[in-house]
Amino acid sequence: MSDNAIVQPRTWFTPFNVITGTIICIGIVISILRFTTGLGSVTHLTDDNPWGVWIGFDLLVGVALAAGGYVTSSAVYLFGMKKYHSAVRPAVLTGFLGYALVVFALHYDVGRPWRLPYPFIMQQGTTSLLFEVAGCVALYLTVLFLEFVPAALEWLGFKRVRQLIIKLTLLLTVFGVVLSTLHQSSLGALFLISPSKLHPLWYSTYLPVYFFISSIIAGLSMVIFESTLSHRYFGHKMDKTHLDENEGVTLGFGKAASLVLFGYFIIKVMGIAGANNWHLLGTPYGYWFLVELIGFIAFPCFFFATGVRNKDIKLIKWTSAWSVLGIVLNRLNVSLIAFNWQLPLDRKYIPHWMEISLSIFIVTVGIVVFRFIVTRMPIFYEHPEYKDTH
Amino acid sequence: MEPIFYTYQEFYTYTKGILYILIIASLIGVACFWNFLAGKDEDKNGNDF
């Protein structure tokens with residue numbers, strides 16, 4: 001570098017920091033309002049609509065999109081697909097942050113954070129699906145933490161603890177898959193109790209199966225989507241193995257996603273046939289259902305298949321974003337849009353801007369923490385002291 | 001024209017009939033879809049994933 005070159009001082013006021021900082025400040029203000037003045041001041045929740053965006057988006061979408069952790073871990077450690085190994089740590093990190101933020105977001109809805117452990121220590125609602133969801137999410141968050149923590153321990157230099165925890169990988173993966181099948185399906189099963197409130201095209205006794213299968217799709221798509229963004233913004237942090245394996249991960253996960261989407265499409269159509277709801281497809285809600293079924297399930301399935309067939313990585317990456325949107329749409333449809341579908345407009349739920357702002361705040365916190373971790377810890381590269389030891 | 005069902009058995013006979021047709025179509029569809037998906041992929045090791 002020339003002696004005359006001017007070295008720009010590092011500044012905190014980068015565009016990313018300014019935007020995320022603003023969102024976080026607004027989120028903190030809304031958080032204070034929520035906990036000091038109550039739900040009514042920051043939400044449009046009512047007795048008709050006790051669950052809004054914080055459940056529909058933060059919880060249901062959050063849990064679905066965090067499914068990449070168990071999907072990738074099981075592909076690598078249970079099915080022996082070692083060529084996807086480089087995708088495990090990013091997927092586990094995304095899953096861990098996703099579930100952690102789901103629990104964080106839940107605090108806003110339940111309102112008395114100190115009571116969160118009550119289902120385990122005070123009164124077990126063993127006939128309640130939500131009790132099972134709470135238990136599974138708590139345990140799975142622990143599993144994800146233990147799967148992620150070796151990366152943090154490598155960064156901190158705690159070798160012995162790291163060696164101990166890495167031996168638990170297979171057990172944690174098995175446990176993670178078991179817990180995920182339980183809670184992913186149970187979130188769908190929550191709506192079984194309301195056949196009159198959920199529109200018949202979305203309501204089915206197979207809702208738990210739909211939610212579980214779509215969580216696999218969400219996980220596969222999210223791994224491709226997250227790796228696309230990570231390559232764009234953190235490519236300089238990636239080692240040769242990670243960069244070399246990326247195309248294989250995209251193709252393999254795209255292939256799997258297209259197959260699962262195909263199966264999901266079939267079982268959704270069978271759900272309509274089983275309930276004999278063909279006549280409902282010609283109604284306004286029916287057209288919206290077809291937008292979801294054709295536009296966000298069939299089309300991504302076809303485009304994933306085309307991309308894999310032609311080895312078109314760009315197409316697969318765009319389709320993964322489309323597929324993620326489809327899962328978001330499905331969860332919002334089941335929890336908000338097609339829920340209470342018979343209510344008149346004046347009793348329908350329209351989110352308060354503060355509810356949406358808080359959801360954006362929670363996602364922003366996730367992105368900031370993700371960035372902090374991947375720029376410091378061995379997520380996109382192998383630590384030189386621990387090569388090929390996980 | 002929508003058929004009218006007077007008994008649960010009539011409803012199930014009708015819907016199950018359609019479901020059976022759909023499942024057979026789906027099984028054929030899966031084979032065709034797999035062929036489309038893996039058609040150009042001549043992996044030397046014979047591995048699909």
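This is a predicted model: local features need pLDDT of at least 70, side-chain atom pairs count only at pLDDT 80 or more; totals for chains, interfaces and linings use all residues.

User: Why is A:Val102 called buried?

Analyst: A residue is buried if 20 or more other C-beta atoms, placed from the backbone, lie within 10 Å of its own, exposed if 12 or fewer, and partly exposed in between. A:Val102 has 20 C-beta neighbours inside 10 Å and therefore counts as buried. The residue lies in helix α5 of chain A; helices (H or I, at least four residues) and strands (E, at least two) are DSSP runs, numbered from the N terminus.

User: What does A:Val102 touch?

Analyst: Contact is assigned if the C-beta atoms of two residues, placed from the backbone, lie within 7 Å. Leaving aside residues up to four places away in sequence, A:Val102 touches A:Asp58, A:Leu59, A:Gly62, A:Val63 and A:Val137. A:Val102 and A:Trp54 are 48 residues apart in sequence, and their C-alpha atoms are 9.3 Å apart in space.

User: Why are A:Asn276 and A:Asn340 called partly exposed?

Analyst: A:Asn276 has 17 C-beta neighbours inside 10 Å, so it counts as partly exposed. A:Asn340 has 18 inside that distance, so it also counts as partly exposed. A:Asn276 is found in the loop between α11 (240-275) and α12 (284-309) of chain A, and A:Asn340 in the loop between α13 (313-337) and α14 (353-374) of that chain. Phi is positive in each although neither is a glycine: about 55° for A:Asn276 and near 55° for A:Asn340.

User: What makes helix α4 of chain A mostly covered?

Analyst: Nine of the 11 residues of α4(A) (residues 68-78) are buried. Among them are A:Tyr70, A:Val71, A:Ala75 and A:Tyr77. The buried residues pack against α5 (88-110), α7 (129-156), α9 (169-189) and α10 (207-234) of chain A. After the helix comes A:Gly80, with a positive phi near 70°.

User: How do you know that α4(A) is roughly antiparallel to α5(A)?

Analyst: Two packed helices are described by the angle between their axes and the distance between the axes. Axes are lines fitted to C-alpha atoms, for helices over the stretch in contact, and angles run from 0 to 180 degrees between N-to-C directions. Angles under 35 degrees count as roughly parallel, over 145 as roughly antiparallel, 65 to 115 as roughly perpendicular and the rest as oblique. For α4(A) and α5(A) the angle is about 150°, with the axes 7 Å apart. The two helices are therefore roughly antiparallel.

User: Which classes of residue make the contact of α4(A) with α5(A)?

Analyst: The contact has five nonpolar, six polar and no charged residues. Here Ala, Val, Leu, Ile, Met, Phe, Trp, Tyr, Cys and Pro count as nonpolar, Asp, Glu, Lys and Arg as charged, and the others, Gly among them, as polar.

User: What makes a set of residues a nonpolar core, and which residues have the most contacts inside the largest one?

Analyst: A nonpolar core is a set of buried Ala, Val, Leu, Ile, Met, Phe, Trp, Tyr and Cys residues joined through C-beta atoms within 7 Å. The largest has 100 residues, and A:Leu65, A:Ile217, A:Leu220, A:Val260 and A:Leu261 have the most contacts inside it. α10(A) gives the most to this core, with 12 residues.

User: How many residues join chain B to chain A?

Analyst: In chain B, 13 residues are in contact with 16 residues of chain A. The chain B side comprises eight nonpolar, three polar and two charged residues. Chain B has one helix and zero strands, and 2% of its 49 residues count as buried.

Technical notes. Residues are numbered from 1 along each chain as its sequence is written. Chains are lettered from A and ligands numbered from 1 in the order in which they are written.
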